[in-house]
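Subject: Structure for you to look at

Hello,

Here is the structure for your files. Please open it alongside the notes below.

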Amino acid sequence: MTDADYEFGNAGQGRQVPDNRADYRLTATARATLELESTMPGPGKGEDEGGRQLACRIRDISARGMSLFSKEPVSLGALLPAWVTLGEPDQEFSLMLEVVWCRPCESEFLVGAQILQSDETAYVEWVEAVATAMAAE
């Protein structure tokens with residue numbers, strides 16, 4: 001595959017979208033769950049109420065970002081907790097994403113997200129896993 005063959009974010013729609021990638025991206029068969037609304041603690045121990053999550057297919061990944069397919073639009077600039085699974089179910093990463101762009105793509109939405117470094121997440125483990133995957137390519 002050459003760089004000319006790789007149209008990140010264009011989704012074959014004939015539009016030229018600026019490519020702001022600083023890292024090479026891998027196509028991935030992975031899943032992400034975005035937390036759109038957090039749960040409210042309930043009155044009893046372990047009883048949480050509300051909350052809303054959105055399961056998404058990942059289109060491609062890098063150490064600092066990803067693009068994914070969503071069933072609904074996601075607000076630009078939103079900071080969303082996410083759980084990403086790469087291949088194996090026991091390899092789940094808790095990450096914080098910032099939505100950079102979102103646009104319609106056939107019957108879904110294509111979302112570009114930046115992964116934010118945070119002490120509360122598995123950011124370092126994520127970077128290591130992506131580096132391992134790139135070395136295997």
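Start with Glu106: this residue is exposed, with a relative accessible area of 81%. (Buried means under 20% relative accessible area, exposed over 50%, partly exposed in between; 1.4 Å probe, protein chains only.) Glu106 sits in the loop between strand E7 (92-105) and strand E8 (108-116). Its phi is near 55°, a positive value in a residue other than glycine.

This is a predicted model, where local features need pLDDT of at least 70, side-chain atom pairs count only at pLDDT 80 or more, and totals for chains, interfaces and linings use all residues. Residues are numbered from 1 along each chain as its sequence is written, and side-chain values use heavy atoms, leaving out hydrogens and water.

From the N terminus, the order is β-β-β-β-β-β-β-β-α. (Helices, H or I of at least four residues, and strands, E of at least two, are DSSP runs numbered from the N terminus.) Of the 137 residues, 37% are buried.

Now look at strand E5 (residues 65-70). Six of its six residues are buried, so E5 is largely enclosed by the rest of the structure. Gly65, Ser67 and Phe69 point one way; Met66, Leu68 and Ser70 point the other.

E5 has these partners. (Two strands pair if DSSP finds at least two bridges between them.) Strand E4 (residues 52-61) joins E5 through four bridges, antiparallel. Asp60 has Ser67 as its bridge partner. Three residues separate E4 and E5 in a hairpin. E8 also pairs with E5, antiparallel, over six bridges. There, Leu68 stands opposite Val111.

Best wishes
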